[in-house]
Amino acid sequence: MSGPFEALSVETLAARLGRTAALTSRIGENASAWKVREVGDGNLNLVFIVEGEKGAAVVKQALPYVRLVGDSWPLPLKRSFFEYHALTRQQARAPGSVPEIYHFDEGQALIVMEYLSPHVILRKALIEGRQLPNIATDIGLFMARTLFRGSDLSMPTKERKADLALFADNVELCDITENLVFSDPYFDAKMNRHTSPQLDGLVAELRADRDLKVEAQRMKHLFAANAETLLHGDLHSGSIMVTEAETRMIDPEFAFYGPMAFDVGMLLANFWMAFFSQRGHEHDGDRATTRVYLIDVIVDTWSIFRKEFSHLWRTERTGILYQKSLFEDQGDQLGAEQALEQMLHSIWTDMLGFAGIEIHRRILGLAHNADFETIADQDLRANCEAKVLKFGRQLVVNRRQIHSIEEVNALAILME
Ligand code: ADP
Ligand code: MG
Ligand code: MG
Ligand code: MG
């Protein structure tokens with residue numbers, strides 16, 4: 001397709017993409033027989049499932065504005081460009097962890113990709129109380145591989161600097177995170193909402209909490225200034241699609257170079273929110289095993305992340321940092337191990353800060369989580385939300401005093 005940008009619709013998609021080889025070769029030449037559905041449930045973009053005689057594919061198209069809000073909030077189409085480039089890098093660094101990409105049209109801001117089926121969104125599965133056996137391993141490996149291999153620990157420095165420059169232009173999506181995540185929850189920003197009046201008192205308390213606000217801005221500074229690796233940038237349970245056997249990460253349009261701990265913290269925050277929301281979905285104690293499952297998933301995700309990151313540190317440290325010539329090549333194994341421990345420790349501490357902030361913004365900011373939103377009883381919902389808000393505050397303010405994932409989970413169990 002060429003010509004100026006034009007949003008696709010269910011009615012026009014077959015006519016407009018019917019001669020795109022990447023699509024016809026997979027789903028069938030006979031475009032008039034294609035069945036097209038729009039399934040986008042996200043906040044920003046259009047997502048179509050296209051089924052033909054031979055198969056199916058997904059077409060994701062950006063719009064020049066925020067879908068959730070409308071054309072009063074413009075947002076550039078180039079986010080599709082960043083999503084495409086992030087997907088290709090993730091595929092190279094963590095093969096099999098993202099949908100296969102068939103085609104990218106920059107002018108039309110559209111990506112044609114593998115239709116994940118029968119996958120469902122992880123968040124939805126967790127709300128239903130399902131226990132997926134592989135998510136901790138798959139997500140832990142994905143994070144370790146993408147975060148390590150996108151950093152100066154691994155990449156040739158010239159390549160990394162060029163890539164840093166490429167993604168630096170994703171300013172508008174970074175701006176969304178900088179404001180919606182790190183600042184808006186902590187004052188009476190225009191687009192905020194929370195369960196009211198139940199949470200009004202606690203919300204006022206958090207907004208008057210000087211230590212919390214100072215720490216949140218410290219985390220924001222780190223997010224904005226520490227360009228250490230290519231992040232997914234929006235790695236929550238709504239950006240992961242699962243079956244019993246498979247896990248795929250989708251939707252990296254927020255990708256940019258930032259701190260490793262950001263993806264890890266956002267992801268684990270969403271697991272903690274899933275944990276604290278279970279009471280709201282429980283009937284006759286039927287979520288007891290789900291809660292135990294979620295605690296195990298959190299422990300395993302962190303420990304698999306740590307283990308794989310350590311493995312890559314020992315076997316793939318080919319970048320400009322902590323070169324082997326300074327350590328192993330001189331017979332000094334311990335030096336490299338000491339540096340690894342330091343790095344994992346700073347990822348750990350920062351991860352807790354990002355996790356706490358992600359929790360706050362999902363309950364006080366613009367974009368809420370279905371985990372809590374689907375709890376119809378407002379008092380019950382507010383009860384779950386209040387508990388996790390206080391838990392989030394502990395993570396942000398006391399993160400330097402928390403030393404293990406077991407300790408955080410003990411706190412979660414106590415506060416839930
Ligand atoms: P947004 O950027 O608007 O949040 P997403 O990429 O998250 O868009 O996609 C929105 C929804 O579309 C997802 O929640 C999922 O249900 C569906 N979807 C997206 N990509 C795929 C895919 N490759 N296969 C199947 N469904 C998909
Ligand atoms: Mg999404
Ligand atoms: Mg979504
Ligand atoms: Mg998105």
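This is a predicted model: local features need pLDDT of at least 70, side-chain atom pairs count only at pLDDT 80 or more; totals for chains, interfaces and linings use all residues.
Good morning. By class, the residues that line the largest pocket are 24 nonpolar, 11 polar and 12 charged.

The largest pocket has a volume of about 1200 Å³. Its lining is made up of 47 residues, and those nearest the centre are Asp41, Gly42, Asn43, Gly238 and Asp251. Which elements give two or more residues to this lining? They are the strands β2, β3 (56-61) and β7 (110-114), together with the helices α4 (122-127), α7 (171-181) and α12 (333-364). Of the elements, α7 gives the most to the lining of the largest pocket, with four residues.

Are Asp251 and Glu253 buried or exposed? Both residues are buried.

I turn next to the sheets. An open sheet of five strands runs in the order β1-β2-β3-β7-β6, and its pairing is antiparallel. At its edges are β1 (35-38) and β6 (101-105), each of which pairs on one side only. From one strand to the next, the twist averages 20°. As a general point, strands of a sheet pair through backbone hydrogen bonds, either parallel or antiparallel. In this sheet, β1 pairs with β2 (residues 46-51) in the antiparallel sense, over four bridges. Within that pairing, Arg37 stands opposite Ile49 in β2. Three strands of this sheet, β2, β3 and β7, have already been named among the elements of the pocket lining.

There is also an open sheet of three strands, ordered β8-β10-β11, again with antiparallel pairing. Why is one side of β8 (120-121) and of β11 (247-249) left without a neighbour in the sheet? Each of these strands stands at an edge and has a single partner strand, so one side of each has no neighbour there. Strand β10 (residues 240-242) is joined to β11 by three bridges, and the two run antiparallel. Here Met241 stands opposite Arg248 in β11.

The largest cavity has a volume of about 50 Å³. Its lining consists of Gln90, Arg93, Thr146, Leu230, Leu231, His232 and Asp263. Helix α3 (79-93) and strand β9 (229-231) are the elements that give two or more residues to it. By class, the lining of the largest cavity has two nonpolar, three polar and two charged residues.

The second largest cavity has a volume of about 40 Å³. Around it are Asn45, Lys60, Gln61, Ala62, Arg79, Ser80, Glu83, Ala109 and Glu253. Strand β3 and helix α3 each give two or more residues to this lining, and α3 gives the most, with three. The residues divide into two nonpolar, three polar and four charged.

Key. Residues are numbered from 1 along each chain as its sequence is written. Chains are lettered from A and ligands numbered from 1 in the order in which they are written. Side-chain values use heavy atoms; hydrogens and water are left out. Buried means under 20% relative accessible area, exposed over 50%, partly exposed in between (1.4 Å probe, protein chains only). Two strands pair if DSSP finds at least two bridges between them. Axes are lines fitted to C-alpha atoms, for helices over the stretch in contact, and angles run from 0 to 180 degrees between N-to-C directions. On a 1 Å grid over the protein atoms alone, a cavity is a set of points where a 1.4 Å probe fits but cannot get out, and a pocket is an open set with protein on both sides within 12 Å along at least five of seven lines; lining residues have an atom within 4 Å of a point. Grid points are joined across faces, edges and corners, and a volume is the space filled by probe spheres set on the points. Ala, Val, Leu, Ile, Met, Phe, Trp, Tyr, Cys and Pro count as nonpolar, Asp, Glu, Lys and Arg as charged, and the others, Gly among them, as polar.
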